[in-house]
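Hi,

Here is the structure I promised to pass on.

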Amino acid sequence: MIPRAPAGRFRRTTGRYAAGPRLRLPAHRASSATLAGAYPFLAADRCDVGIPIGPDALTGTPFAFDPWALYRSDELTNPNVVLSGVIGQGKSSLAKSIAMRSVAAGRSVYVPGDPKGEWAVVAEAVGGTVLRLGGGGATRLNPLDVAGTADPHGPRTRLLAAVAALTLHRELGAPEQGCLDAALTLVESRTAAPTIADVLTALAAPDERAATIDGISVVDRQHDGRDLAHGLRRLVRGDLAGLFDGPSTTILRPDAPMVVLDLSGLGSDDDALALAMTCGSAWLEGALVASQAKRWVIYDEAWRLMRSVPLVRRMQAQWKLSRAYGIANLMILHRLSDLDAVGPVGSAARALADGLLADCSTRVIYRQEADQLAGNATALGLTHPERDLLPVLARGTGLWKMPRRSNVVHHVLHPAEVPIVDTDGAMREAPSPTRG
Ligand SMILES: Nc1ncnc2c1ncn2[C@@H]1O[C@H](COP(=O)(O)OP(=O)(O)OP(=O)(O)O)[C@@H](O)[C@H]1O
Ligand SMILES: [Mg+2]
């Protein structure tokens with residue numbers, strides 16, 4: 001504790017305090033990096049608005065988090081969060097606690113793709129909805145359902161272009177964009193509820209009048225659309241047939257507290273995952289457009305999604321809309337170098353992924369491997385003590401880094417949450433059979 005100076009002993013000289021009482025403390029000299037760890041003098045302010053996370057490991061005070069409140073008070077420049085850490089450190093558990101506690105606080109939660117199938121139990125616990133795609137289930141979603149949007153043509157075109165780019169593994173050319181637009185316009189003139197199967201039919205038999213207006217023959221238009229049709233066909237006759245190629249079998253309650261798109265039935269094919277996620281999230285956005293609730297959108301296992309550039313592009317569009325729609329995105333990675341999977345430094349694709357990270361005002365860092373420390377420190381602007389902390393963080397403890405504060409927080413699980421977040425079950429030994 002700092003000794004208090006006796007009252008009235010300051011000497012006032014030329015209108016300012018020139019000299020105070022001498023403190024009888026031994027002088028201590030250290031670098032500013034070392035002094036940054038001089039607890040408690042430099043410990044961050046309390047962060048106690050929002051859902052509780054657990055105690056601050058340095059001060060013991062409760063740490064709470066609400067990205068919307070922190071954004072309103074100018075602590076954050078956007079409500080998005082990136083959470084990274086090595087395998088099994090409790091990243092998903094933190095995200096699941098945030099989801100369940102946020103629902104209790106009146107927020108809603110949307111998980112647009114759950115490749116491991118570990119979120120259904122969370123949605124069920126809070127009375128939410130689980131949509132299981134693949135694995136022989138009967139759920140079908142029509143990604144062209146964008147009923148709540150004033151002009152559905154734009155979102156539908158973007159979705160179809162993203163799907164075709166995903167299956168073709170390349171960007172679409174201008175003639176292909178023209179084909180897609182003409183085919184969709186034709187289908188929209190015939191039905192209020194178009195499907196991808198309808199678009200495929202229109203690509204094979206283009207509208208003669210529209211082609212003439214565009215100054216192109218029907219034969220050329222058919223030719224321009226050939227690759228596109230091949231790309232979209234995967235959803236109609238390929239391995240994803242039956243999931244997105246007809247009218248939706250589900251109607252979503254706009255007030256559902258939580259919606260999880262369970263993709264674990266699709267297996268480990270990254271392409272199928274990216275396609276299903278693109279179509280499924282487009283459908284969900286259409287279905288939830290009427291909802292006014294502040295919403296978390298959680299991308300668990302985002303490192304897998306990052307391998308698909310069209311999906312990263314869609315995520316970036318979502319990120320940009322987050323403030324307009326009251327959405328906070330939470331992206332979970334193992335390490336920041338997961339972003340390398342999108343493309344080499346300097347490429348357009350990599351710039352997209354870096355942009356996602358830059359647009360996350362809150363960075364929660366769980367334990368990192370030694371080879372990741374320098375990269376993390378540079379990308380996230382960590383101090384030396386913060387950087388040295390990362391390899392020794394215990395399970396469930398993370399560094400919460402925001403533009404003007406940084407806290408080390410231990411996430412405390414409520415006893416009711418423990419069985420819901422448990423992903424270690426298979427690692428434990430089965431109880432030995434009792435001897436009779
Ligand atoms: N704060 C915590 N306190 C105690 N146990 C925890 C805590 N957080 C997580 N765990 C336990 O650790 C295990 C692994 O957690 P979790 O699945 O969340 O890790 P993860 O980082 O998401 O792993 P992966 O990288 O494999 O997805 C779970 O069984 C969970 O019960
Ligand atoms: Mg996890």
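Before the notes, one term: when I say that residues touch, meet or are in contact, I mean heavy atoms within 4.5 Å. Keep in mind that this is a predicted model, where local features need pLDDT of at least 70, side-chain atom pairs count only at pLDDT 80 or more, and totals for chains, interfaces and linings use all residues. Residues are numbered from 1 along each chain as its sequence is written, chains are lettered from A and ligands numbered from 1 in the order in which they are written, and side-chain values use heavy atoms, with hydrogens and water left out.

The overall picture

The protein has 17 helices and 13 strands (DSSP runs numbered from the N terminus: helices are H or I with at least four residues, strands E with at least two). Of its 436 residues, 48% count as buried. Buried here means under 20% relative accessible area, exposed means over 50%, and partly exposed is in between, with a 1.4 Å probe and protein chains only. Among the contacts with a separation of 6 or more, 71% are between residues 24 or more positions apart.

The ligand

There are 18 residues around ligand 1, and Lys91, Ser92, Ser93, His411 and Thr423 come nearest (a residue is near if one of its heavy atoms lies within 4 Å).

Threonine 167 sits in helix α5 (residues 153-168) and is buried, at 16% relative accessible area. Its side chain reaches the backbone oxygen of alanine 164 at 3.1 Å. Leaving aside residues up to four places away in sequence, threonine 167 touches Gly231, Leu232, Arg234 and Leu275.

In the loop between α5 and α6 you'll find histidine 169, which has a positive phi of about 60° although it is not a glycine. Is histidine 169 buried or exposed? It counts as exposed, because its relative accessibility is 58%.

Next, α6 (residues 174-190) and α7 (residues 196-204): their axes come within 9 Å and cross at roughly 115°. The axes are lines fitted to C-alpha atoms, for helices over the stretch in contact, and angles run from 0 to 180 degrees between N-to-C directions. From α6, Cys179, Ala183, Leu184, Leu186 and Val187 meet Asp198, Val199, Ala202 and Leu203 of α7. That set divides into 8 nonpolar, no polar and 1 charged (Ala, Val, Leu, Ile, Met, Phe, Trp, Tyr, Cys and Pro count as nonpolar, Asp, Glu, Lys and Arg as charged, and the others, Gly among them, as polar).

Helix α11

Two residues here. Aspartate 270 lies in α11 (residues 270-288) and is partly exposed, at 24% relative accessible area. Aspartate 270 touches Arg304 and Arg307, again not counting residues up to four places away in sequence. With the same exclusion of residues up to four places away, serine 281 touches Tyr110, Pro112, Leu261, Ala276 and Arg314. Its C-alpha is 8.0 Å from that of proline 143, 138 residues apart in sequence.

Two loop residues

Proline 257 is in the loop between α10 (226-233) and β8 (258-265), and is buried at 16% relative accessible area. Its C-alpha is separated by 5.5 Å from that of glycine 128, 129 residues apart along the chain.

Glutamate 301, in the loop between β9 (295-299) and α12 (302-305), has a positive phi of about 55° although it is not a glycine. Glutamate 301 is buried, with a relative accessible area of 7%.

Cheers

Definitions and conventions: A polar contact is a pair of N or O atoms within 3.5 Å; within protein, one must be able to donate a hydrogen and the other to accept it, and residues adjacent in sequence count only if both atoms are side-chain atoms.
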